[in-house]
Amino acid sequence: MSLLVRFLLTLIGFAAEEETATKDCGTLMVFKVIAVRIWSIANQKGGVGKTTSVVTLGGLLAEQGQRVLLVDLDPHGSLTSYFKQDPDRLERSLYHLFFEQRYKDKAFVQSVIKPTSLTSVHLLPATTSLATLERQVSGQEGMGLVLARSLAQLWDDYDYVLLDTPPILGVLLVNALAACRRLVIPTQTEHLALKGLERMVHTLRMVMRSQNRQLPFMIVPTLFDRRTTASLTTLKEMRQLYPESLWKEAIPVDTRLRDASHEGVFPHQLDAQGRGVRAYRHLLVELEQADDAA
Ligand SMILES: Nc1ncnc2c1ncn2[C@@H]1O[C@H](COP(=O)(O)OP(=O)(O)O)[C@@H](O)[C@H]1O
Ligand SMILES: [Mg+2]
């Protein structure tokens with residue numbers, strides 16, 4: 001086991017202990033978090049459609065009348081940039097919640113949040129300083145639960161929280177996995193992406209073991225192009241490797257999704273009946289049903 005993995009397991013171990021302690025103290029923090037549907041969108045490979053999935057699903061949830069918070073845990077700040085916020089210039093971001101126990105201060109947590117082009121969707125932005133977090137909080141107890149605790153402050157403000165995660169197994173991804181109750185793993189339908197998928201599932205199993213809990217996950221094939229052999233054979237391989245966890249449909253390549261990101265709008269605002277948006281609608285139904293059944 002690598003040193004990094006050992007460190008992460010320690011971090012999660014502390015987190016699990018604290019969660020128990022919180023329950024024992026009689027506060028309802030942990031239960032409050034459970035009332036909100038928190039989903040992580042994760043894959044340790046970049047360019048597979050994580051940020052696109054977060055934005056599209058978030059927009060579709062808002063369309064249903066849900067109050068949604070999108071959280072950018074990626075130091076690159078793609079989600080933050082999507083909504084025309086500058087991750088190099090923002091005064092406050094997720095980063096600041098990791099210091100001086102600011103996650104306990106509801107007013108501070110709320111002050112970090114930014115609006116988007118939809119009134120019922122908000123953004124908890126990233127700044128590029130998040131890239132230095134690993135070094136700064138390394139080895140400190142409780143750092144795996146900062147996001148969960150911050151979200152607990154917001155429990156009556158939102159119905160859904162979608163977490164856009166970084167492609168690196170580190171303190172930020174650990175925070176996401178500790179805070180969420182469901183994981184979506186977008187995976188590009190091309191052969192090289194299978195390795196990344198394998199790594200992600202391995203990470204997840206390790207985290208679940210150390211937390212001693214089950215985190216349901218769904219693998220979502222993305223950037224699917226039925227005209228290419230690569231897409232078709234990769235999808236077939238995915239079915240063989242993960243028959244239980246693979247979504248039965250796929251998100252197709254749809255340039256309208258890219259256009260929406262250039263314009264900084266939610267994809268359904270640009271093309272409500274586009275192929276990509278329609279596929280994401282199906283995915284949302286499936287995820288909500290899985291959550292209802294849990
Ligand atoms: N289904 C899709 N069809 C076409 N382009 C897509 C699709 N999904 C994502 N993209 C584009 O691919 C690029 C990478 O997607 P992104 O969501 O940023 O991936 P990640 O967050 O995993 O790095 C972006 O330019 C995005 O607009
Ligand atoms: Mg991204």
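Which element gives the most to the shell around ligand 1? Helix α11 does, with four residues. Helices here are DSSP runs of H or I with at least four residues, strands are runs of E with at least two, and both are numbered from the N terminus.

This is a predicted model: local features need pLDDT of at least 70, side-chain atom pairs count only at pLDDT 80 or more, and totals for chains, interfaces and linings use all residues. Residues are numbered from 1 along each chain as its sequence is written, while chains are lettered from A and ligands numbered from 1 in the order in which they are written.

Stay with the ligand. The shell around ligand 1 holds 18 residues, and Gly49, Lys50, Thr51, Thr52 and Arg258 come nearest. A residue counts as near if its C-beta atom, placed from the backbone, lies within 6 Å of the molecule. By type, the shell has five nonpolar, 10 polar and three charged residues. Ala, Val, Leu, Ile, Met, Phe, Trp, Tyr, Cys and Pro count as nonpolar, Asp, Glu, Lys and Arg as charged, and the others, Gly among them, as polar.

From Gly49, step to Pro221. Their C-alpha atoms are separated by 9.5 Å, although the two are 172 residues apart along the chain. Pro221 lies in strand β7. Pro221 is buried, because 27 other C-beta atoms lie within 10 Å; the cut-off is 20 or more, with 12 or fewer for exposed, partly exposed in between, and C-beta atoms placed from the backbone. Among the residues that Pro221 touches are Leu235 and Met238. Contact means C-beta atoms, placed from the backbone, within 7 Å.

Finally, the core. The largest nonpolar core has 80 residues, of which Val161, Leu162, Leu163 and Ala176 touch the most other members. Helix α8 (residues 171-179) supplies the largest share of this core, eight residues. Such a core is a set of buried Ala, Val, Leu, Ile, Met, Phe, Trp, Tyr and Cys residues joined through C-beta atoms within 7 Å.

Note on methods
Contact = placed C-beta atoms within 7 Å. Lists of a residue's contacts leave out its neighbours within four places in sequence.
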